[in-house]
There are 2 protein chains.
Amino acid sequence: MELTPASEIQYRTRNFQQKLVEQAVDGAVVLLQSDIFYFTGTVQNSYLFIPASGEPVLMVKKSITRGQQESPLKNVVAIKNPKQIPEILSAYGYNGFSKIGLELDVLPFNIYKSYENIFPNTEFVDCSPAIKETRAIKSSYEIDLLRGALTVSDQAFLAVPSFLREGMSELELAALFEAEMRKRGFAGPCKMRAFNQDFYLGNICTGGSGFYPNYFDGPVGGQGASVAQPQGAGWKKINRNEVIYIDYTCIVKGYTGDQTRIFCIGELPAKLVKAFEDAVLIETEIVKSIKPGTLAEEPYLLALKLAAELGYQDNFMGYKQDQVKFIGHGIGLELDEWPILAKGMKTPIMPGMTFALEPKFVFPEGAIGTENSFVMTETGPQRLNTAPEVITYITC
Amino acid sequence: MELTPASEIQYRTRNFQQKLVEQAVDGAVVLLQSDIFYFTGTVQNSYLFIPASGEPVLMVKKSITRGQQESPLKNVVAIKNPKQIPEILSAYGYNGFSKIGLELDVLPFNIYKSYENIFPNTEFVDCSPAIKETRAIKSSYEIDLLRGALTVSDQAFLAVPSFLREGMSELELAALFEAEMRKRGFAGPCKMRAFNQDFYLGNICTGGSGFYPNYFDGPVGGQGASVAQPQGAGWKKINRNEVIYIDYTCIVKGYTGDQTRIFCIGELPAKLVKAFEDAVLIETEIVKSIKPGTLAEEPYLLALKLAAELGYQDNFMGYKQDQVKFIGHGIGLELDEWPILAKGMKTPIMPGMTFALEPKFVFPEGAIGTENSFVMTETGPQRLNTAPEVITYITC
């Protein structure tokens, strides 16, 4: 299997260590799998210590064999219980901590309390913002991995006309679509850092299904297969002349591409065709307007203005009371990375940042719009997926 | 869509309220989606207050429309920000709290801190054990839902001979297997309450793939599709005369069935055939030995003893240093519910508890064993899945 290069891990670690120094902490204990993978190149049941300066130590509960095979870190050692962390770190010369960073945005309270016992007389601070900032700027190695995930996504979208048929259920279509990605290396789950925000894998809504709102902080809900999973594909049969909305993440080698395309068996009402064209128009205007340094809220504010001018006040990014207040989101090892292209976000969009842009509209007749994945370059956003941005009509 | 009956929600709430009274708390603020679904019948971005006595209040941020349609609770109201919780509860006569329960096993530290601000001068206690205890005893309504999920699982396993072929990759097999469940209503994600413990959907290992250990607290790892997702199906091609191990969860209407079956194209070495028979033997002995009141550790201790007598010290529930110390786990809305059939677990297995039993062995040649899902009845465990417990040989 392809391993993460040592140089890549070193580069990421150095960037994060700079922020640790700025935060005046002695180091960070990193526990979330996506962060551990980012800084070690392996996903184990483990505890990672990154000192403000010096070599990190990965302490692995299970599986140490695999951790040592996969991680280019110099210090990968076995551990049985997190209580041993101070003793192991001391052997590497790391001790007498006064301030340690923890991922306080995701760490469950009871686990946090156990670290108060493991490191008595130590102050804990949240190192997640520093991790998110570090991870937000992707290396060219990461951008290639993301492009690889989107290539698989493209292949699945291009295959849709070969299996989409009138009368099949949304769930049957989801099964076939997901299988196209899966056989090409898709491996979930789709990770979100936010508490309680599962996107599962994606969202297929046909006709009125796209009008169902749900818990998710996204523009489109879907009826879902049951009240226990009220999102995406459900039991509804697919009809002629209705909008078929497919919004899917594609996670390959850990990286999460995100793309939405529209299909139809037969013909779409002129109103929906116009809405699709307007969504593409909004996207085009946003892409033209973004340069390195553009604040993350600006694309949203521009989209909001254009949508209002085009008459979509009640339909833009959800219907009426269920409208969401963003136009895009960072993508990488998680689906909700930085930058968040939303009102109030004043961070600049910098080269190396990767994000999905998704202008969408919701009508009683269904959901429609577009979504592509981009990387910011020195000259502006570059699209990473290649499936044609058109409504694909199935004529069988 | 099928809604959870009001009587079911009332019964669950009453059971939990009894425990709240025992814990001497004024009520619990429930936030985890699986717990919210259990007590409300709907999955929304919401905040649920269950008082120690009286009617619960579900405060919904998104989507209030859907929350009101789906939940049989009397009090389902809109909320914009969790800061409004005390004001809303006060309108229902709930105020002056001295002690409130929170799900401290899963609640991220930063969210916990925000509740300290929302409820000043209030002590917080962990109400997750009380929730887990309540959820551990399933009603007949829930057992029927679990049986439904396992029927879909059975159908997928029975379909395997129609598509399993020599030379396909594990990922191709996974794609086809998952599609069989998906089109019949499977909707993930597979939920685990433990931090960092993703099982994704399941595990397909063929031949030596089954010898790869990984992070997961289970007997079998698998190579996986990449170092970012080192679990289950990978790129290995499936050969003749090797063991094909398929362990999958099947989540339908929120309930998680769990089943493992063994396949082979051609013939298996006698050693592996014997190991399969011994796994079934161990399961049979366990099932005979369990009665209502049996302590949760006893099945594990019995299995450990039998495995040692049969000569599998190094192979039982993992290989050598990667062996795990349990023989089964509770199943329901999550994959790691109570009871945990593991060393040191002194809780009695009671009627209504549902669990998976999975005696398995790992050899350099691959992983083999069995797994079925059970409900405890007054007279002993009853199997909920029906796929024949045999090695299925494909002769094409």
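**Exercise 1. In what order do the strands of the open sheet of six strands in chain B run, and what kind of pairing do they have?**

Before we start, note that this is a predicted model, in which local features need pLDDT of at least 70, side-chain atom pairs count only at pLDDT 80 or more, and totals for chains, interfaces and linings use all residues. Residues are numbered from 1 along each chain as its sequence is written, chains are lettered from A and ligands numbered from 1 in the order in which they are written, and side-chain values use heavy atoms, leaving out hydrogens and water.

Step 1. The order is E4-E3-E2-E1-E5-E6, and the pairing is mixed. Strands here are DSSP runs of E with at least two residues, helices are runs of H or I with at least four, and both are numbered from the N terminus. Two strands pair if DSSP finds at least two bridges between them.

Step 2. Look at the edges: E4 (75–78) and E6 (123–126) of chain B each have a single partner strand, so one side of each lacks a neighbour in the sheet.

Step 3. From one strand to the next, the twist averages 25 degrees.

Step 4. Now pick out a parallel pair. E1 (residues 27–30) and E5 (residues 99–102) of chain B are joined in the parallel sense over two bridges, and Gly27(B) stands opposite Ile100(B) in E5(B).

**Exercise 2. Describe the open sheet of five strands in chain B and the helix that lies across E11 and E12.**

Step 1. Write down the order, E11-E10-E12-E15-E16, with antiparallel pairing.

Step 2. Find the edges. E11 (337–342) and E16 (380–383) of chain B have a single partner strand each, so one side of each is without a neighbour in the sheet.

Step 3. On average, neighbouring strands of this sheet are turned by 30 degrees against each other, direction ignored.

Step 4. Zoom in on one pair: E10 (residues 326–330) and E12 (residues 354–357) of chain B are antiparallel over three bridges. His329(B) has Ala356(B) in E12(B) as its bridge partner.

Step 5. H6 (residues 128–136) of chain B lies across E11 and E12 of that chain, at about 85 degrees to E11(B). Axes are lines fitted to C-alpha atoms, for helices over the stretch in contact, and angles run from 0 to 180 degrees between N-to-C directions.

**Exercise 3. Characterise the interface between chain A and chain B.**

Step 1. Count the residues: 70 of chain A are in contact (heavy atoms within 4.5 Å) with 70 of chain B.

Step 2. Consider the area. The two chains bury about 6000 Å² between them, with 61% of it on carbon and sulfur atoms. Buried area is the accessible area (1.4 Å probe) that two parts lose on being put together, summed over both. Arg182(A), Phe195(A) and Val227(A) supply 13% of what chain A buries against chain B, more than any other three residues.

Step 3. Look for charges. There are four salt bridges between the chains, where a salt bridge is a side-chain nitrogen of Lys or Arg within 4 Å of a carboxyl oxygen of Asp or Glu. One of them joins Lys191(A) and Asp198(B) at 3.6 Å, N to O.

Step 4. Assign helices on the side of chain A that touches chain B. H2 (33–40), H3 (64–70), H5 (109–118) and H8 (170–182) of chain A each supply at least two residues. H8(A) gives the largest share, seven residues.
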